[in-house]
Amino acid sequence: MIPTPAIASVPILRPNDLKALAPHRRSPEDYLVDKPASAFAEALRVLKTSLTHARVDRRAKVIAVTSAVPEEGKTTMALCLTRISAMSGQRVVVVDCDLRRHSLSSNAAKDARVGLLDVLSGDRAWRESVVQDRETAADIIPALATRFTPQDVFDSQAMQRLVEELRGAYDLVILDSAPVL
């Protein structure tokens with residue numbers, strides 16, 4: 001096995017850490033907003049900086065967040081990276097690309113009426129699908145529940161166009177992807 005250097009270490013938030021928050025706000029993404037000077041927030045700032053400056057020749061503007069299997073915290077991490085970026089003054093959008101579970105949308109964009117598949121099918125413009133995060137100035141493009149999901153939607157020219165347009169409109173684009181397994 002070839003050793004890989006770590007780019008950041010994010011501390012685990014324990015139940016006692018979250019008890020300092022109101023009961024309806026006991027989540028890592030709300031802890032981040034309520035405790036912006038915490039070690040957790042600082043670790044996310046380091047992670048964001050490490051990711052966006054990982055390439056020597058240019059700054060990364062699109063970051064995909066994934067995990068091996070569900071329930072490993074990828075959506076939490078995607079939303080935390082989105083919020084810490086917005087809190088630092090960046091124009092940031094997170095796109096819910098997990099079409100099966102769409103947990104980002106279920107938690108952060110509950111009232112959305114237009115989703116990613118509406119945009120990719122050409123039925124709606126991406127700007128019509130944007131929902132603002134309730135805590136920061138970040139934008140969210142949700143994935144809504146649907147009965148039919150094309151297999152190759154992320155390999156489509158429509159997705160490539162969307163990412164290019166978002167790259168031009170935002171400082172940072174975060175893709176909350178489905179688990180790889």
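Which residues of helix 8 are buried? They are A158, M159, L162, V163, L166 and A169, where buried means under 20% relative accessible area, exposed over 50% and partly exposed in between, using a 1.4 Å probe and protein chains only. Seen down the axis of helix 8, these buried residues fall within an arc of 135 degrees, so they line one face of the helix; the arc is that of the directions from the helix axis to the C-beta atoms. On the face turned away from that buried side sit the exposed residues Q157 and G168.

A word on the model itself: it is predicted, with local features needing pLDDT of at least 70 and side-chain atom pairs counting only at pLDDT 80 or more, while totals for chains, interfaces and linings use all residues. Residues are numbered from 1 along each chain as its sequence is written, and side-chain values use heavy atoms, with hydrogens and water left out.

Helices (H or I, at least four residues) and strands (E, at least two) are DSSP runs, numbered from the N terminus. Helix 8 covers residues 157-169. With 13 residues, it reaches 18 Å from first C-alpha to last, close to the 18 Å expected at 1.5 Å a residue; that expected span is 1.5 Å times one less than the number of residues. Helix 8 lies across strand 1, strand 2 (92-96), strand 4 and strand 5 (172-176), and runs at about 140 degrees to strand 5. Axes here are lines fitted to C-alpha atoms, for helices over the stretch in contact, and angles run from 0 to 180 degrees between N-to-C directions. Contact means heavy atoms within 4.5 Å. The cover over the buried residues of helix 8 also includes helix 6 (116-120) and helix 7 (126-129).

As for the sheet, 5 strands form an open, mixed arrangement in the order 1-5-2-4-3. Strand 1 (62-65) and strand 3 (131-132) stand at the edges with a single partner strand each, so one side of each is left without a neighbour in the sheet. Two strands pair if DSSP finds at least two bridges between them. Strand 3 and strand 4 (residues 139-141) pair in the antiparallel sense over 2 bridges, and V131 stands opposite I140 in strand 4.

S156, in the loop between strand 4 and helix 8, is buried at a relative accessible area of 18%, and its side chain reaches the backbone oxygen of V153 at 2.7 Å. P36, in the loop between helix 2 (28-34) and helix 3 (39-52), is partly exposed at 39% relative accessibility.

Note on methods: A polar contact is a pair of N or O atoms within 3.5 Å; within protein, one must be able to donate a hydrogen and the other to accept it, and residues adjacent in sequence count only if both atoms are side-chain atoms.
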